[in-house]
Amino acid sequence: MEQPNSNKKIILGHGSGGKLSAELIESLFLPAFRNEFLSPLGDQAVVNINGIRIAFTTDSYVVNPIFFPGGSIGDVAVNGTVNDLAVGGARPLYISAGLILEEGMPVDELERIVSDMKRACEYAGVQLVTGDTKVVEKGKGDKIFINTSGIGVVDADVDISPQRVRPGDKIIVNGPIGEHGIAIMSIREGLEFETEIQSDTAPLNHLVRDMLNVSKNIRWMRDPTRGGLSSSCNELAKSAQKGIILHESMIPVPEAVKAACEILGLDPLYVANEGKLLAVVPAEETDAILEAMHKNPQGKDARIIGEVVDDHHGFVLLKTTIGGSRVVDMLAGEQLPRIC
Amino acid sequence: MCLGIPGKITETFDENGLKMGKVDFGGVVKTVCLEYIPECKIGDYTVVHVGFGISKLNEEEAMETLSYLRQIGALGEELGGEDVE
Amino acid sequence: MKYIDEYRDADLIKKQAEKIRSITTKKWAIMEVCGGQTHTIVKTGIDQLLPEQITLIHGPGCPVCVTPLEMIDKALEIASRPDVIFTSFGDMLRVPGSHKNLFSVKADGGNIRIVYSPLDAVKLAQKNPDKKVVFFAVGFETTAPANAMAVWQAKQLGLNNFSMLVSHVLVPPAMEAVLDSPFNSVQGFIAAGHVCAVMGYEEYEPMAQKYKVPMVVTGFEPLDLLQGIYMLIKQLEEGRYEIENQYSRAVTREGNIPARETINKVFEIGDRSWRGIGVIPKSGYRLKDEFAAHDAEIVFSEISDIQSKESEICISGLVLQGVKKPHECAAFGKECTPMTPLGATMVSSEGACAAYYNYGRYRQGTL
């Protein structure tokens, strides 16, 4: 009997965080491992051990180039995992790091990355407690791949889940979008350009703690990494089975990100971020939450960008600056620069 | 067709026998081939497509177009134009 | 961004739309030729601001969409070779051939790189003398000067490992094909601004006279399109059929002379097959004989007899000619989506079908 996947190959789009990634998860991983902790497909899983809710997450970092304006793969590896825990409402505590090094990688580059990881851990307030190192032959790895896993504790009074989302809730972002993806593109061979845009890689756990101190009614949070704002909003709309409206004029995009997107023909809504979070909050608590966010370095530009509605369930609608509207679909695969 | 973006020329130099330049697009700078716009100098705006300046942006014409459009806008208001909403 | 943001002013846009409304007394069907213009219209929703009497037909101005299937299959064959670095603009990567696309060739080990400019492909050839670097030169006249310069430079530098797979198409023959079609309902054209920045608009004057059809050379920002539409409707209402230039900040009547000269040094006009339409005589560029060493179809001459097979349910030809709208296709949104495209109008984000899908038009009826 022919297996349906026998002729298919993995393509880059399967790792882009868009529809192809989702399909791979639905068709291959979920059926194999389905259980109550995996099925919600959150950025982290929350398990209960002796009455304590432990959040557990893992992520792999394969970014190329490994050094880019604003940081390195080391920063992203630590912050990314810290953020996956934080947006689930957990206090990140301990992380692990598994390094896969390519034969021939310069040791001083490894030193820089390790130093970045150390600094990132200190700033986030987490400890790296276990690790592993493997070396693969030259040509079999891209200088360095890093997998980090992390655990944290979800306090008893915190309940973050898409089921809590209600029509009328507001959607907040903590700052301008598109910086990380553009910083990476700016040095990719064949696309190089000069810009002052730096990756926004940063840990968000301190910001989340400040938000939770002010409100226990935050419904849902996510860090819009690969696939950008659009992918996260689409995930929200589908998992909460509600409609989302975003207002183009309210979405903060730095001028240089806009310019780079214009030149390459990209849409900022789909560009990756590494220091941003989206939060769904009750309308009446929005002001208090924003005030708390503005006092935190990672939240000084926080603002409302949209709302949840009881309409077009599962879809995200963008109201354009000229008064039109369009559906913001999930990215199909990679977002490609275009000339047309 | 299609993606042509206006940018300001900030530098010119030669590369591989071709006249090249740095063009600033709202804070993003890219290297662009200027062979087809010999009349352009530093400070001029050009429309860039796939790394080539394909035309010099005529700033006077741009201002005229905009001012004409703004006039229509103002006229619309003065005459109590219909609400488009 | 200067000279972009001003043309996106929401207030001016609304007022311009109102101006159009105030002069429209009859029904008019107009076509915007260029895919980039379709993209702006669908992305910003300015067609929602136009009076009902105006029907916008999306034209065949998508060079990715009209690249013949045989050419895509040839590209995939070349890209699969171990000694080849295949370079292309991003737009082409997802276009499906008869069996696969460039992504799947990459997955099989093909060395495929996206470039922003054809000169980047030439640089690659300099850096990799042991590889054959092939550039997929797809585009309208707008891209021809850049592609011409790349070949010219490669010849000057003696880069025998650089070649181009040329699939250039010309806009005026496509417009004439639309006008000559028995199904044609187009009464006026929003002409492609950047094509005219290169070629000028002298060549459209005889066409306007012959078919008694007005044309307005138009830019790509929402305000440009609305002003262009206004000028076109005014001509139609007044019974004129002239060439007017809305995009005067970037376009002159004679176009870019140095660019046209280089195009003529490197390319000559020949017949071209347009996907979904068929062969249109004298509608494309091919490399002149003296550049044969850089013509990928000659360098890789063994790939010349590739058989290609189109999908039977795909109606992209009818969509490209403006005869049908994307959502009128039975496969639209079902078997045919941007992830599983049956024809090029769904693959390229400029294609009418993809633009409609991505901007959710088919859903908004059901939302």
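Trainee: How many residues of domain 1 of chain A are in contact with domain 2 of chain A?

Mentor: First, this is a predicted model, where local features need pLDDT of at least 70 and side-chain atom pairs count only at pLDDT 80 or more, while totals for chains, interfaces and linings use all residues. Residues are numbered from 1 along each chain as its sequence is written, with chains lettered from A and ligands numbered from 1 in the order in which they are written. Two residues are in contact if their C-beta atoms, placed from the backbone, lie within 7 Å. By that test, domain 2 of chain A brings 21 residues to the meeting and domain 1 of chain A brings 22.

Trainee: Which element gives the most to the domain 1 side?

Mentor: Helices (H or I, at least four residues) and strands (E, at least two) are DSSP runs, numbered from the N terminus. Helix H2 (73-86), strand E5 (90-102) and helix H3 (107-124) of chain A each give two or more residues to this side. With eight residues, the top contributor is H2(A).

Trainee: How far apart are the C-alpha centres of the two domains?

Mentor: The bounds, from an automatic or database domain assignment, are 41-154 for domain 1 and 162-327 for domain 2 of chain A. Between their C-alpha centres the distance is 23 Å.

Trainee: What share of chain A counts as buried?

Mentor: Chain A has eight helices and 14 strands. Its radius of gyration (over C-alpha atoms) is 20 Å, close to the 20 Å that the globule rule (2.2 Å times the number of residues to the power 0.38) gives for 340 residues, so chain A is as compact as a globular protein of that length. A residue is buried if 20 or more other C-beta atoms lie within 10 Å of its own, exposed if 12 or fewer, and partly exposed in between, with C-beta atoms placed from the backbone. On that count the buried share is 49%.

Trainee: Take strand E10 of chain A. Which residue stands opposite His247(A)?

Mentor: Strands pair if DSSP finds at least two bridges between them. E10 (residues 243-247) pairs antiparallel with strand E12 (residues 303-309) of chain A over four bridges, and Ile245(A) sits across from Glu307(A) there. E10(A) also pairs with strand E13 (residues 316-319) of chain A, in the parallel sense over four bridges. In E13(A), the residue opposite His247(A) is Lys319(A).

Trainee: And which residues make up the covered face of E10(A)?

Mentor: In a regular strand the side chains alternate between the two faces of the sheet. The uncovered face of E10(A) holds Gly243(A), Ile245(A) and His247(A), and the covered one holds Ile244(A) and Leu246(A).

Trainee: Over in chain C, which strands are the edges of the five-stranded sheet?

Mentor: That open sheet has the order E2-E1-E7-E8-E9, with parallel pairing. E1 (residues 28-34) and E7 (residues 188-192) of chain C, for instance, share three bridges. Pairing on one side only marks the edges, strand E2 (54-61) and strand E9 (243-245) of chain C.

Trainee: Which element gives the largest share to the side of chain C that touches chain B?

Mentor: Here 47 residues of chain C are in contact with 36 residues of chain B. Several helices give two or more residues to the chain C side, including H7 (144-156) and H11 (222-238) of chain C. The largest share, eight residues, comes from H1(C).
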